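Colleague: Before I use this model, I would like to go through the labels attached to it. Please set each value against its definition.

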Amino acid sequence: MRSRLATAAWLYLLPAFVLLGVFLVYPVANTIYLSFFSGRDMSTFVGFDNYRYLFTHPETLVVFRNNLLWLVLFTASTVTLGLILAVLANQVRYEAVAKAIIFVPMAVSFTASAVIWRFMYIYRPPGSEQTGVLNAALGSLGFDPVPWITNTSVNNYALIAAGIWMWTGFALVVVSAGLKGIPAEVLEAARVDGATEFQIFVHVILPMLRSVLLVVAVTLTINSLKVFDLVYVMTFGNFQTDVLANRMFKEMFTFGNFGRASAVAVMLLLAIVPLMLSNVRRFRREE
Amino acid sequence: MSRETVALTRSERMVRAVSRGPLHAAIIAICLLWMLPSLGLFVSSFRPRDAIASSGWWTAFTTPFEFTLANYEQVLSAQGMGQSFLNSLTIALPATVFTVVVAAFAAYAFSWMEIPGRDILFLVVVGLLVVPIQLTLIPVLRMFASAGLTGTFPAVWLAHTAYGLPFAVFLLRNFFVALPKDLLESAFLEGASHLRVFFRIVMPLSVPAIAALSIFQFLWLWNDLLVALVYLGGFRSVAPMTVTISNLVSSFGSEWHLLTAAAFVSMVLPLAIFFALQRYFVEGILAGAVKG
């Protein structure tokens, strides 16, 4: 009886496990293996050469720097903005509308968002009429227009801003749900004790949102490491804006170098493994 | 007496309104700021080519009014966005159904069947949740190439289904384990089979979770660029809208009358789904995030 039950259970699991095995587990292992090879047919063993290349070439070092920029700025901004907006929106009657407005970009593709933001950043030489919102605004304040996409000292921030526009809604919605979970009596008690709203925020709300904020931060960190579409469509990684995921795509299809592409992917995995373990650990604790 | 109270509360209300002025101003300003980029795209997509090229979209509301549907006509027919719209549907709809069905069976087994090592196996699924698909592209592409599947819809259906499974199994399993235990156990005692319990009890009770997952997964696939780019190989006949738009960007990077209309065509369906079914979409996100 028991063994028959177990057999039935395996039948329920089989399709999922076959798909996961063939399209996720095996390919990950194979990619790690391939990262030590090179050549068109991936038959030449090259040891750590592909990795050595990544860590010694200026062009790929920029990729690491950019992912670090994304990781820090994108994650910090989306979480902070999401938290602030959640707390502010929580106090007004049109909260649902405000949240929906911030959240809408989440429903749209990165590709469409990339078009939207390229349009925002249109640059025309000084003296001609600016048709991009940002440069027109700068012009009306008396500043020269900035080539947001091609100027290497601002373009990474310009791309990250587009990412923040897309993902703040995610942080907002999740934090807001956490906020609703704080019992009103707790906040009332603090108010009765004479705490100011700011003290309540720092000493009551923040500690109670700690685990929610952590979940949001981990999710957004993972997204910052995997960012691809925005960069691919906005710059294709040119003008020193390349990131790991786009670099991998380039190594694959522009340079036809599967070994090096695999090494780039493995770097991505190494960055994500700690976050994966923290997710697994938290899940076990919660169960 | 009553007049006094009213006066008092009214002045109190005034003070309150004034002191909350900055709060409202901040929220409304941020909301306007957030809408601005999409608004610019939307307005521009209806402006004639010359007008877009020579003036900012915010000038469109001053006379002379110049609006047109020509951009849409052009992207839908000449630039292939009409075909791409159908391709996006052809990719996203079946793959969503496959993901939900396969995940539902697995989630049921994880929740209500006895399997040795069940918890460890499920932890593997939790781990797979965050594995970047970049780690799979090369081996899977080589597999598809040797099977002659590159550039075909079945290739992306398979890949999308597999990639969507960790999240789908995770979400559904968390919902299934929370179903009332007594209900299922009494069904088993009466001799109901697993298949019967699955279809007659678990599925009907899980409509909200299935809806949330389906909407989330559909939008995710609709918006995908990477998987389509890699496994469909950029063939125009099978390209979804994301691929077509990114091709338009690289070949007509400053033809904004085309790009704005094309981008908006790709946004129509997600926006409609979002506004009609926002609750389910948000539930999908919360279910994935709060525990994940």
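What follows is a set of questions about labels and the values behind them.

Colleague: What kind of model is this, and which pLDDT limits apply?

Modeller: This is a predicted model: local features need pLDDT of at least 70, side-chain atom pairs count only at pLDDT 80 or more, and totals for chains, interfaces and linings use all residues. Residues are numbered from 1 along each chain as its sequence is written, and chains are lettered from A and ligands numbered from 1 in the order in which they are written.

Colleague: Why is Lys99(A) called buried?

Modeller: Lys99(A) has 21 other C-beta atoms within 10 Å. A residue is buried if 20 or more other C-beta atoms lie within 10 Å of its own, exposed if 12 or fewer, and partly exposed in between, with C-beta atoms placed from the backbone. Lys99(A) is therefore buried. The residue sits in helix H4 (residues 95–103) of chain A.

Colleague: Which residues does Lys99(A) contact, neighbours within four places in sequence left aside?

Modeller: Ala89(A), Leu172(A), Val173(A) and Ser176(A). Contact means that the C-beta atoms of two residues, placed from the backbone, lie within 7 Å. As for Tyr53(A), its C-alpha is 45 Å from that of Lys99(A), at a separation of 46 residues in sequence.

Colleague: Why are H3(A) and H7(A) called oblique?

Modeller: Helix H3 (residues 58–89) and helix H7 (residues 155–180) of chain A pack at about 40°, with their axes 6 Å apart. Angles under 35 degrees count as roughly parallel, over 145 as roughly antiparallel, 65 to 115 as roughly perpendicular and the rest as oblique. The pair is therefore oblique. Axes are lines fitted to C-alpha atoms, for helices over the stretch in contact, and angles run from 0 to 180 degrees between N-to-C directions. By class, this contact of H3(A) with H7(A) has 18 nonpolar, 8 polar and no charged residues. Nonpolar covers Ala, Val, Leu, Ile, Met, Phe, Trp, Tyr, Cys and Pro; charged covers Asp, Glu, Lys and Arg; the others, Gly among them, are polar.

Colleague: What makes H5(A) roughly perpendicular to H2(B)?

Modeller: Helix H5 (residues 110–120) of chain A and helix H2 (residues 21–44) of chain B pack at an angle of about 90°, with axes 9 Å apart. That angle makes H5(A) roughly perpendicular to H2(B). Residues making the contact include Trp117(A) of H5(A) and Leu41(B) of H2(B). The contact of H5(A) with H2(B) divides into 6 nonpolar, 3 polar and no charged residues.

Colleague: How many residues does each chain give to the contact between them?

Modeller: Chain A gives 75 residues and chain B gives 75 residues. On the side of chain A that touches chain B, the largest share, 18 residues, comes from helix H1 (residues 2–34) of chain A. That side divides into 60 nonpolar, 10 polar and 5 charged residues.

Note on methods:
Helix = DSSP H or I, 4+ residues; strand = E, 2+ residues; numbered from the N terminus.
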